[in-house]
Amino acid sequence: MIKSLSIQLVNSLIGLAILIAFFLLGSWLHRLGVPIPGGVLGLILFFLALQVGIVKLGWVERMAGLLLRHMVLLFVPLTVGLMELGALLSKQALAITASLVVSSVAVLLTTGLLGKWLLPAHPAAANAETKASQ
Amino acid sequence: MSFALLIRHPVFSIAFTVLTYALATVLHRRWRWIPPIVVACLPIMALLLLVREPYEEYNRGGNFLTWLLGPATVALAVPMYRHGVALRRSLPVLALIVLAGSVVGMTTAGLTAWLLGAPLPVVMSTIPKSVTTPIAIEVCRELKGIPQITIALVILAGVLGASFGVPLLRLAGVREDRAIGAAIGTSSHGVGTASLVHHSEMQAAVSSWAMAAAGVFTSLLAALLKLFLR
């Protein structure tokens, strides 16, 4: 029990170390002048590393899942900082709210409708159609 | 040691934040409509106001949690990789429509705020509002926006998409699982994706792929915008 727990812990820490390494690599490239945020560069490089097989999914799966599930915790401190912006926010409330609603509806409709018109028929859906027509 | 000194200790602010977050997730599990981010933040704000500590003192510990958003962004490659294999056949079209959605989202957000007379830093803060928080913050910083405004917008975009996204798409005649997933992931990132999990596995898979892809596209487009503005 304790042994398997410690193996899990070591696995998680290895996963965390790999994710941090890719983040630092991305941040370093960003500082060298690549105009994409360090975290996103890290994401792209890490994705390529998974595709090529340099990194195995099993090494990072546990830690990645943990970070993604509890991402809300990580942006609590920044959100608490909103308390210092009260005056600016209330002065710009109309512009900010309008921008939020207009843009959200625009994104939903653009992506959804383009998807409806352009996506190739899904294999499962296509099978169901042929079955229905027979 | 006085209470104020204890609060100033970075370990205290991290521990207190984890505690309020844990409380928020418990409440969220019981009452689904309570957004965890709000419940997690309010006790911290109240405590800071109560003991008259400035935000910077709390944020010395808070900064550590914020830094972890970097590795969390990298972790987005995992759903992208995992679902990319299953979605292989529709991937080129999916990439195209997520790209189109990201362009439309960035331009409509920025233009609306600009037309309503918002100052430039506020306009810039609205541009990355559709993508997942860690990427949105980085894009906002690149564009010299105000990260706190972006965070508020990102959270609200998530809640809007999660609550009204699917009904709106139905109204527009969009019923196909992959189209719904792509639209929700592009417009309302992780919060929207989480709302699809109970609906359909296909919708949720496409949505988490789309959310990661939209994050990458948006930062590439913001880099272009930055070049253009110079």
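Which residues in H2(B) meet which residues in H3(B)?

Reply: Happy to. This is a predicted model, in which local features need pLDDT of at least 70 and side-chain atom pairs count only at pLDDT 80 or more, while totals for chains, interfaces and linings use all residues. Residues are numbered from 1 along each chain as its sequence is written, and chains are lettered from A and ligands numbered from 1 in the order in which they are written.

Now to your pair. From H2(B), the residues Phe16(B), Thr17(B), Thr20(B), Tyr21(B), Leu23(B), Ala24(B), Thr25(B), Leu27(B) and His28(B) meet Pro36(B), Val39(B), Ala40(B), Pro43(B) and Ile44(B) of H3(B). Contact here requires C-beta atoms, placed from the backbone, to lie within 7 Å. Helices (H or I, at least four residues) and strands (E, at least two) are DSSP runs, numbered from the N terminus. This contact has ten nonpolar, four polar and no charged residues. The classes are nonpolar for Ala, Val, Leu, Ile, Met, Phe, Trp, Tyr, Cys and Pro, charged for Asp, Glu, Lys and Arg, and polar for the others, Gly among them.

As for geometry, the axes of H2(B) (residues 10–30) and H3(B) (residues 36–50) come within 8 Å and cross at roughly 140 degrees. H2(B) is therefore oblique to H3(B). Axes are lines fitted to C-alpha atoms, for helices over the stretch in contact, and angles run from 0 to 180 degrees between N-to-C directions. Angles under 35 degrees count as roughly parallel, over 145 as roughly antiparallel, 65 to 115 as roughly perpendicular and the rest as oblique. H2(B) and H3(B) make a right-handed crossing; a crossing is left-handed if the near helix is turned anticlockwise from the far one by less than a right angle, and right-handed if clockwise.

Another pair in chain B is worth a look. The axes of H6(B) (residues 77–86) and H12(B) (residues 201–229) come within 9 Å, crossing at roughly 125 degrees, so H6(B) is oblique to H12(B). Their crossing is left-handed. Pro79(B), Met80(B), His83(B), Gly84(B) and Ala86(B) of H6(B) make this contact with Ala205(B), Ser208(B), Trp209(B), Ala212(B) and Ala213(B) of H12(B). Its residues are seven nonpolar, three polar and no charged.

H9(B) (residues 133–142) and H10(B) have axes that come within 9 Å and cross at roughly 145 degrees, in a right-handed crossing. Here Thr133(B), Ala136(B), Ile137(B), Cys140(B) and Arg141(B) in H9(B) meet Pro147(B), Thr150(B), Ile151(B) and Val154(B) in H10(B). By class there are six nonpolar, two polar and one charged residues.

Finally, the wider setting. Chain B is assigned domain 1 (3–67) and domain 2 (75–229), with bounds taken from an automatic or database domain assignment. The centres of these two domains of chain B, over C-alpha atoms, are separated by 27 Å. Between the chains, 87 residues from chain B and 66 residues from chain A take part in the contact. On the chain B side, helix H10(B) (residues 147–171) gives the largest share, 13 residues. That side has 55 nonpolar, 25 polar and seven charged residues.

How values were computed:
Contact = placed C-beta atoms within 7 Å.
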